[in-house]
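Please look through the sequence and the model shown below, and keep both in view while you read the report that follows.

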Amino acid sequence: PLLASAHESSCIRLWSIQGNLMKELLPFSEHPSGPLTALCTDIFTKSLLTGSKKGHIIRWNIASFLEDSQNKKNEIKEELCWRAHATKVVDLFIEEEKNVVVTASIDGSVRLWHAMTGYYFGYFGQARKFELSDTSRLILPSDVNNFPAIIKEESKHMEKKKVKYPLMLDTDK
């Protein structure tokens, strides 16, 4: 069992049931996501999704970390980041059977996205039916202009680092 908490600093903290901090994560993605406002996992707890105040969704792979959290090689990998809304994400969940992510925002919209690629399927209330089998059509909602960004595996997560040698004034130079 594991508890996850999302924070205004964009940090995700993973806790044991005993209350011990197991891992602290910061997003690596190119666009800062802003304060985190929502999170969820898939049914098998292999993926963790976060939603932010700026409308971004980030998908993390947590499967190997959960298998053996003591092994330092089992890192949590940020896999995908996309802008889902122009305003704050207030809720999200993964629908396993159809492989979609459903997001809701304070703008009043509820949208569907492909869980693995972040491709946009549409919004609840649209005139046309959702076409969930076609992920080749690269369409975006009218208020979003960035396509999903796949995070490369060699990217390192931003972690708090302690400074060994603070900057000092060298008057000779």
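## Surface, strands and a repeat

The protein chain exposes about 11,100 Å², of which carbon and sulfur atoms supply 54%; accessible areas come from the Shrake-Rupley method with a 1.4 Å probe, and for residues only the protein chains shown count as cover. This is a predicted model, in which local features need pLDDT of at least 70 and side-chain atom pairs count only at pLDDT 80 or more, while totals for chains, interfaces and linings use all residues. Residues are numbered from 1 along each chain as its sequence is written, and side-chain values use heavy atoms, with hydrogens and water left out.

Of the 173 residues in the protein chain, 38% are buried, where buried means under 20% relative accessible area, exposed over 50%, and partly exposed in between (1.4 Å probe, protein chains only). The protein chain holds one helix and twelve strands, taken as DSSP runs (helices H or I, at least four residues; strands E, at least two) and numbered from the N terminus.

Strand 6 (residues 56–61) is mostly covered, with five of its six residues buried. Its pairings are set out below, two strands being paired if DSSP finds at least two bridges between them.

| Pair | Sense | Bridges |
|---|---|---|
| Strand 5 (residues 47–52) and strand 6 | antiparallel | five bridges |
| Strand 6 and strand 7 (residues 77–83) | antiparallel | six bridges |

Asn-61 in strand 6 stands opposite Ser-47, and in strand 7 the bridge partner of Asn-61 is Lys-77. Strand 5 and strand 6 form a hairpin with three residues between them, and Gly-55 in the turn has a positive phi of about 90 degrees.
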